[in-house]
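Subject: Structure for you to look at

Hi,

Here is the structure I promised to pass on. Please open it next to this email and follow along.

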Amino acid sequence: MDALSTKILRALARDGSLTQAAIAEEVGLSLSACQRRIKALEATGAIRGYRTLIDPALLDEGLTVFVAVDLARHARAQIQAFQADVAALPMVKEVHRVAGAHDYLLRVAVKDIAAYEAFYADRLTAVGGIARITSFVAMSTLEDRP
C-alpha cells in the first residue's frame, strides 16, 4: 500500500459517491491510472464494497444500544453457537469480540426503547450461553465516521 493508494482510500472513505474522475484529480493521477488502482484495491480486498449512509430513524432504527455480553462458557462450540445466533438477529448491526471485562460488544439499532425491551426480552435472552447482558443506551451520536 503506497501513499497514492492510501489517498484514494481516504477519499472514498470520506465520500463513497465520488466519481473516479474526482478521485483522480484529488490525488493527482490520470483517470486511467486512478481506475487501475481502484480496480486493484477492489481485487485485493482493500475496498470491500460501497455503502450509502441513511438516516437510521427513517428505517425505524433511531435508537442505538450498545450491549455488553458475557458468556457462561468459553468453549469453542459455545462461542461459535453464540456468534451464529447473534448474527441471525437483524437488529444487531455490529458484533465485536472484545478483550477486557466483557466477551462481546454488540451495536443494536431499534425504533425506540419499547422496541429494545421487546428485542431484549424475546430475542436476545433466547440466545443460548449468555451469562450476563449489560445495556448502554446511546443518548446521542457525536461522531459517526465510516
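**Salt bridges**

Arg107 and Glu94 meet through their side chains in a salt bridge, 3.0 Å from N to O. A salt bridge here is a side-chain nitrogen of Lys or Arg within 4 Å of a carboxyl oxygen of Asp or Glu. Arg107 lies in strand E3 and Glu94 in strand E2 (residues 92–97), so the pair ties together parts that are 13 residues apart in sequence. Helices (H or I, at least four residues) and strands (E, at least two) are DSSP runs, numbered from the N terminus.

Before going on, note that this is a predicted model: local features need pLDDT of at least 70, side-chain atom pairs count only at pLDDT 80 or more, and totals for chains, interfaces and linings use all residues. Residues are numbered from 1 along each chain as its sequence is written, and side-chain values use heavy atoms, with hydrogens and water left out.

By the salt-bridge rule, the count comes to five. Another one joins Arg132 and Asp70, at 2.8 Å from N to O. Arg132 is in strand E4 (residues 130–137) and Asp70 is in strand E1, so this pair ties together parts 62 residues apart in sequence. Is Asp70 buried or exposed? Asp70 counts as buried, at 6% relative accessibility. Buried means under 20% relative accessible area, exposed over 50%, and partly exposed in between (1.4 Å probe, protein chains only).

Glu26 and Arg14 also form a salt bridge, their closest N and O atoms being 2.8 Å apart. Glu26 sits in helix H2 and Arg14 in helix H1, twelve residues apart. Glu26 is partly exposed at 41%, and Arg14 is exposed at 54%.

**Cores**

The largest nonpolar core has 20 residues, and Val67, Leu106, Val108, Tyr116 and Phe119 touch the most other members. Such a core is a set of buried Ala, Val, Leu, Ile, Met, Phe, Trp, Tyr and Cys residues joined through side-chain atoms within 4.5 Å. Strand E1 (63–71), helix H4 (76–87), strand E3 (104–110) and helix H5 (113–124) each supply at least two residues of this core. E1 gives the most, with five. Apart from this core lies another, of eleven residues, among them Ile8, Ile23, Ala33 and Leu41.

**Helix H3**

Which residues of H3 are buried? They are Ala33, Cys34, Ile38 and Leu41. These residues cover an arc of only 135° around the axis, which puts them on the same side of H3. The arc is that of the directions from the helix axis to the C-beta atoms. The buried residues of H3 pack against helix H1 (3–14) and helix H2 (20–27), with contact meaning heavy atoms within 4.5 Å. The face turned away carries the exposed residues Arg36, Lys39 and Ala43.

**Aromatic pairs**

There are three aromatic pairs in the structure. Phe82 and Tyr104 form a tilted one, 4.6 Å centre to centre with 45° between the planes. Rings of Phe, Tyr and Trp (its six-membered ring) pair if their centres lie within 6.5 Å; planes under 30 degrees apart count as stacked, over 60 as edge-to-face and the rest as tilted. Phe82 and Tyr104 are both buried. Tyr116 and Tyr120 have ring centres 6.1 Å apart and planes at 55°, so this pair is tilted. Tyr116 is buried at 6%, while Tyr120 is partly exposed at 32%.

Best wishes
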